[in-house]
Amino acid sequence: MIASKTWLHNLLLPVAVVLCACGAHVLSLYLQYEPVALVRTVVFALLLVSLWYRFRSSFTLTVAERGAHAVFSLLLSAVIVLGYHIVIDFPKSYEGTINDNYISDYSAFDVVALFGIAAVLYVLLTSLFCKLKSHATAQGAILMSRGYLSETQSGSIPARSVIAHAALIFLL
C-alpha cells in the first residue's frame, strides 16, 4: 500500500506543478500587472506553498466554509475577467470618446479563465483561511491554559491578524 501511495504522489506532483504554472500564467495575464514575469513567478510560488500547506495541514473546512470560499473566488474571478476587458486611454481617460475608452470583446477563453482563476483563488484563500484558523486555535489554547480566555471564546480570530492578512490580500 505504501508503494502505491508513493507512486501516486510521484505522479500527482508534476501534474500539480503544471496546473500551478498554468493557473499562475492565466492569473498574471488577466491581472495585467507589470512586470508580468515577476507576478507570474510570485503567484506560482504562492500556489505551490498554498498547496503544500493545505496537504500538510490537519484543519479541514466545513461545507459552509468551502461554499463561501467557492462563491467568493468565483465572484472575484468574474471581476478580474471583466476588468481585463476594460480599455482606457489614460491621457484621455475623462474626456475620451467611445473610441478611446471601451470594453473589448469577450472570447471563449474568458470562460476557461474565469474558472481557472476561480480555482487559483480558491486554493490561495482556503490555505490562508486554514492558516488563520490554526493560528487562532493555537493562540486560543495558549490563552485558555493561562486563564485569560474561557471555553466559549476559544474560536475567535484576533482582529490584528485578520487586518494584516486582509492588507496582504489587498496589496496582491
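This is a predicted model: local features need pLDDT of at least 70, side-chain atom pairs count only at pLDDT 80 or more; totals for chains, interfaces and linings use all residues.
Mean pLDDT for the protein chain is 79, with 78% of residues at 70 or more. Among the elements, helix α3 (residues 63-84) has the highest mean, 91, while helix α5 (residues 159-171) has the lowest, 77.

Now the overall layout. The chain has five helices and two strands, and going along the sequence they run α-α-α-β-β-α-α. Of the 172 residues, 24% are buried. The accessible surface is about 12000 Å², and carbon and sulfur atoms hold 72% of that. If you take the contacts with a separation of 6 or more, 67% are between residues 24 or more positions apart.

Next up is the core. The largest nonpolar core has 16 residues, and L27, Y30, V43, L47, I80 and I117 have the most contacts inside it. Helices α1 (2-31), α2 (36-56), α3 and α4 (108-145) each put in at least two residues, with α4 giving the largest share, six. Y30 is a handy place to look: leaving out residues up to four places away in sequence, Y30 touches I80, V81, Y84, F109, D110, A113 and I117.

| Side of α2 | Residues |
|---|---|
| Buried | V39, V43, L47, S50, Y53 |
| Exposed, turned away from the buried side | L38, V49, W52, F55, R56 |

Why do the buried residues of α2 line one face? Viewed down the axis of the helix, they fall within an arc of 135 degrees, so they sit on one face.

One of the buried residues in α2 is S50. Is S50 buried or exposed by the numbers? Its relative accessibility is 9%, and the cut-off for buried is under 20%, so S50 counts as buried. What does S50 touch? Setting aside residues up to four places away in sequence, S50 is in contact with V123, L124 and S127.

Conventions. Residues are numbered from 1 along each chain as its sequence is written. Side-chain values use heavy atoms; hydrogens and water are left out. pLDDT is the predictor's confidence in each residue, from 0 to 100. Helices (H or I, at least four residues) and strands (E, at least two) are DSSP runs, numbered from the N terminus. A nonpolar core is a set of buried Ala, Val, Leu, Ile, Met, Phe, Trp, Tyr and Cys residues joined through side-chain atoms within 4.5 Å. Buried means under 20% relative accessible area, exposed over 50%, partly exposed in between (1.4 Å probe, protein chains only). Contact means heavy atoms within 4.5 Å. Accessible areas come from the Shrake-Rupley method with a 1.4 Å probe; for residues, only the protein chains shown count as cover. The arc is that of the directions from the helix axis to the C-beta atoms.
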